[in-house]
Each structure stands twice: as structure tokens, then as C-alpha cells.
Amino acid sequence: MTGHEGALIAFLGGELDAAEAARFDAHLLDCDSCWQAVTEDRLGRVAVERLRDTAPPGLTDRIRFAVELARPPAARQRRALVQLLAAVAVLAALLLVPGLTHRHQTDPPTVAAVVQLARYMPRSTEVPGESKPVPLGAPLELRAGGHRLSVQYYRVRGHEIVIATSDRAFAMPVDGRNVTPGRGMAWLAQRGPIGLYCPEKAHTVLIAAAMPAAELHGLDSQLPLP
Amino acid sequence: MARDAAVGDDHHRAFLDATLPHLDTLHRVARGLTRDSASADDLVQETYLRAFTGFGRYRGGNTRAWLVAICLNTARSQARRATRRPIEVFDLEAVAEHRGDDADVAEQVLTALDREAVHDALRSLPPEQRLCIILTDLAGLTAAETAELLDCPRGTVLARVHRGRRRLARILTAAGANRDRA
């Protein structure tokens, strides 16, 4: 570092006391190279400061959902308690208490993510006579299980629905069922109050809503599928 | 169990309350460290997830600096995994001819700034200068905060910032001159 550069950096960094700063200020009037250095320093600083954007719309929601998905599910705590009982008692509890394991630990991460997203639907007011799907809020982009999900909420005939598009096909959960048994890829599944429907024509699309999955399938023709 | 769930809700809420106010800062840092907006958003999400995992051990203090440190570490981890791509390097010997030696030239350059050109120029800086400029000029951290994050003297940060800014200015001035001639 040259002598001038050292003093210049100290000057620009506010390290000089008042007297020293005044002397350096005077020096700038006579020194072309220092003056140029100050000019370039300012140009570089302002150029980068102008890149200071606010975070894009939707990123806050994306972060909230991602953190929500990362929370340890309450079901894990229940499962830990059940595992203390005899194996027969565990099986009996599962058979006799429907919904005990409403969050299925075997669900693929992307399916589990969509179920969680469906539990946090934006509430909307039903508009009488509304016939077309109405988007609710801005689209969300997030990642689940290493896959990218694009999510959009809609109001369809008074129901709030989430439509998620992934970069991979949504795998059917183990307790899912094909819409046409033995044929095709379309499937349905239920997670407590949340129905899931994966259409045949778009395996990378998963639709979820707080209704029976079969009813969701019945809305197929009215859904704005990508 | 309901009590455990309630505690979990408090933890989750406390985390978001403490960290979401710093989203803009984190996004600026991430944008400076990555090639495009989508990669920046992914880096921010990963940063928040790692922070959430470690929030139980966090003892308070400068939350912004804590988050930025996680962001830097996450970016380094991702960079080690990613395939290296060649970075375009500006020829500074050619740039040296276009010395911005008066305020008018500087103003012209600033007026004509293209955001992507500034990001490209930033990416072409030596890594230590680029990182200091991202943290101070882009994200708004002080030189002292930056020095603590990078574990180096404050004077070193000031020197890197100054030299980086000058290099950036010459690149942008030359880019502007080249564009005008084209």
C-alpha cells in the first residue's frame, strides 16, 4: 500500500480525526491521482448501492412455508409415545383411532409439502354466481425434498384449492388409489380433511383442498391445470 | 403433547419474528453471491432453513450478522458442490485507458448503468474484494461487522472495499465507453 493510498483509505473510511481529514481534503485539491481515486471509489460505491433491492414479492411467503415444513411434526411425538406400547397395542390403536397418524411419514416430501400448503389456504369470500376459477394471491416458488414446486391458490366454486406443479411426477402415496383401478396414473388420497388428486394428464400436478378427494376429482374439468 | 406443540409454535414464531426483518439484507447478499435471481432465492431459503435448525442454540445478539454468516457458509457449501464455470474476466490493461478523471464521466456512467452489467462486473472482482463490497455496499453491513464476519482486521476490509470499488468503476466506465462506440 502506498503512503497516499493508506491515508486515502483511512480518509474514506472515516478513520482520520477532524484536523487530519481537513488536511487530506486540502491535499485532494492538488493531487490528481488521489482525486481520481476518490471519484472512482464513489462511482463503485454508488453503482453497487443502486443494486439494493427489496426482496421479491412472494419470497416472504416462501420462507414461511419452508420453515413451516421444516418443523418437527406433532405426529412424531405421538408416534414416539405409541412405540413404548406393545406391538399389538400399537396396531390396535392405529386401527381403532382413525386420523391418529394424520400426517403420513411415508409420504414423498413433495406430497407432504402440498398437504401442508393446503392446511394454510388463504381464506376468501364466496362470490355468488362466480363460474371461473379465481387466483388467490401471487404464485409461490419453493423447494421440497430437493424438488422445485410452483404453487398457486384458487377459489373454484366457493372452494379454496391449491394447485402445485413440480419438476417431477408426484408419486402416489402407499395408501393412495388409482382413479381407474388397474389403469392410468391418476390417483387420489386423503389426509384427514385434505383431499389430494393427481390428474392423469399431468402427473407433475397435484391438487389439494379441504374436501373429499373424490369431490376434488369431480371438479377436474373446472380446474385451471397448467 | 398439546403443550409441546404450543412450545413448538412459540419457537417457530419467535424464529420468524427475529429473522424475517432481515430478509432484504439476506437477499442482497445472496444476489451478490449468485448468478441470477432464482439462485439467490434458493440460497435465501436454504439459509433460513439452516438458521431455523440452529435457532435453538442461538444466544441472541446481532441477528443480521448471524444470518449473513450462515448465508456465506451456505453459499460456500453450494459452490463446492457445483460445477465450476469460467468467469468472464475483464482486461484491466485495456480498462486503464478509460480513466474516469472527472465527475462528468462518473455521472454519465451512473446514469447509463445496467443492473446486470454491474452484477457482471461485481462477479469479475477478486473474491476477497467482491465479498467485502457485497457485505458493505450491497448489504449495508459496517466495516466492523464485515471484519468480524470475515475474521480479518477492519483496515483490511476498508482496503479491499476501496480497491474493489476502483476496479469496479474502471470496468463500468470502460463498458460504457465500449457501448457508446458500438
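Author: Helix H4(A) passes helix H3(B) in a right-handed crossing, that is, with the near helix turned clockwise from the far one by less than a right angle. In this predicted model, local features need pLDDT of at least 70 and side-chain atom pairs count only at pLDDT 80 or more, while totals for chains, interfaces and linings use all residues. Residues are numbered from 1 along each chain as its sequence is written, chains are lettered from A and ligands numbered from 1 in the order in which they are written, and side-chain values use heavy atoms, with hydrogens and water left out.

The axes of H4 (residues 59–70) of chain A and H3 (residues 37–54) of chain B come within 10 Å and cross at roughly 40°.

Leaving aside neighbours within four places in sequence, Ile63(A) is in contact with Leu20(B), Leu23(B), Val44(B), Gln45(B) and Tyr48(B). With the same exclusion, Val67(A) and Tyr48(B) are among the contacts of Phe15(B), a residue of helix H1 (residues 2–19) of chain B. Phe15(B) is buried, with a relative accessible area of 0% (buried means under 20%, with a 1.4 Å probe and protein chains only). Phe15(B) and Tyr48(B) are 33 residues apart in sequence and 9.5 Å apart in space, C-alpha to C-alpha.

How values were computed: Axes are lines fitted to C-alpha atoms, for helices over the stretch in contact, and angles run from 0 to 180 degrees between N-to-C directions. Helices (H or I, at least four residues) and strands (E, at least two) are DSSP runs, numbered from the N terminus. Buried means under 20% relative accessible area, exposed over 50%, partly exposed in between (1.4 Å probe, protein chains only). Contact means heavy atoms within 4.5 Å.
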